[in-house]
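Colleague: Could you take me through this model and show, for each label you use, what it rests on?

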Amino acid sequence: MSGQLHLPNHCILLPSTSLYTFSVLNSSRENRVLGQGRSFLGLNERLLVNKRVIKRKKDCLGVKASAGGAVWDGWMPEKTSKAPPLSDIFWPSAGAFAAMAMLGKIDQILAPKGISMTIAPLGAVCAVLFATPSSPGARKYNMFMAQIGCAAIGVLAFTVLGPGWLTRSAALSAAMAFMIYTRSVHPPAASLPLLFIDGAKLHQLNYWYALFPGAAGCILLCLIQEIVCYLKENVKF
């Protein structure tokens with residue numbers, strides 16, 4: 001048998017063996033092209049896999065670095081754009097001085113009755129109200145709800161359990177639960193139960209301790225806070 005090879009403007013008659021050889025050459029060329037295409041696709045797939053592996057390693061390293069940074073961030077001062085102005089330092093400090101001075105004067109008036117209005121938790125309240133007035137602990141609801149509730153819990157725990165480590169532990173845990181449940185977390189109030197349990201001079205107040213000196217002192221501190229905030233906003237230097 002013979003075959004024809006058509007070229008432009010020509011028709012060449014080829015023997016069957018030549019046609020077979022030509023077809024084999026064509027098929028081998030096609031196979032080489034397909035093989036090169038497959039190898040090229042395989043190379044692309046390997047490159048994509050390598051990129052994914054590298055990206056996964058970078059992500060893991062980034063997570064570890066961020067986790068480590070988060071751990072150490074708590075040991076560093078808060079990052080701010082610039083230092084606070086002198087007025088933002090002076091007015092809260094002046095407010096704390098005025099608050100303690102006024103409470104000390106009230107103590108002199110109450111001295112004959114054997115009670116005092118200056119207690120350590122009110123110093124912590126000054127820091128919350130004057131230094132961080134926008135924090136949740138400085139909200140009036142949080143402050144008065146926690147001051148009254150935690151003080152009453154301290155009196156109740158002492159009445160039921162008497163003095164001792166068990167009373168302090170139970171009172172503090174109950175005070176924490178109370179603040180969380182009522183959404184009135186106010187850190188200084190957590191010390192009121194302990195102060196009553198260990199303060200023999202306060203036992204005579206009984207349940208009046210829920211209002212005095214903690215809550216009553218906070219009324220005075222709130223008034224001073226309004227003055228401090230006004231001065232911080234309007235008198236800057």
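Modeller: What follows sets values from the model against the definitions of the terms.

Modeller: This is a predicted model, in which local features need pLDDT of at least 70 and side-chain atom pairs count only at pLDDT 80 or more, while totals for chains, interfaces and linings use all residues. Residues are numbered from 1 along each chain as its sequence is written, and side-chain values use heavy atoms, with hydrogens and water left out.

Colleague: Why is Arg-183 called exposed?

Modeller: Exposed means over 50% relative accessible area, buried means under 20%, and partly exposed lies in between, with a 1.4 Å probe and protein chains only. Arg-183 has 66% relative accessibility, and therefore counts as exposed. Arg-183 sits in the loop between H5 and H6, where helices (H or I, at least four residues) are DSSP runs numbered from the N terminus.

Colleague: Why does Asn-206 count as partly exposed?

Modeller: The relative accessibility of Asn-206 is 39%, so Asn-206 counts as partly exposed. Asn-206 belongs to the loop between H6 and H7, and its phi is near 55°, a positive value in a residue other than glycine.

Colleague: What makes Asp-107 a residue with no salt bridge?

Modeller: A salt bridge needs a side-chain nitrogen of Lys or Arg within 4 Å of a carboxyl oxygen of Asp or Glu. For Asp-107, which is buried, the nearest side chain of opposite charge, Lys-201, is 11 Å away, and no salt bridge is present; in this count Lys and Arg are positive and Asp and Glu negative, with His and the chain ends not counted.

Colleague: Which side chain makes a polar contact with the side chain of Asp-107?

Modeller: That partner is Thr-118, at 2.5 Å, where a polar contact is a pair of N or O atoms within 3.5 Å, and within protein one must be able to donate a hydrogen and the other to accept it, while residues adjacent in sequence count only if both atoms are side-chain atoms. The side chain of Asp-107, a residue of helix H2, also reaches the backbone nitrogen of Met-117 at 2.5 Å.

Colleague: Which residues have the most contacts inside the largest nonpolar core?

Modeller: They are Leu-122, Val-125, Leu-129, Phe-130, Tyr-209 and Leu-221, in a core of 35 residues; such a core is a set of buried Ala, Val, Leu, Ile, Met, Phe, Trp, Tyr and Cys residues joined through side-chain atoms within 4.5 Å. Among the helices that each supply at least two residues of this core are H2 (86–110) and H7 (214–234).
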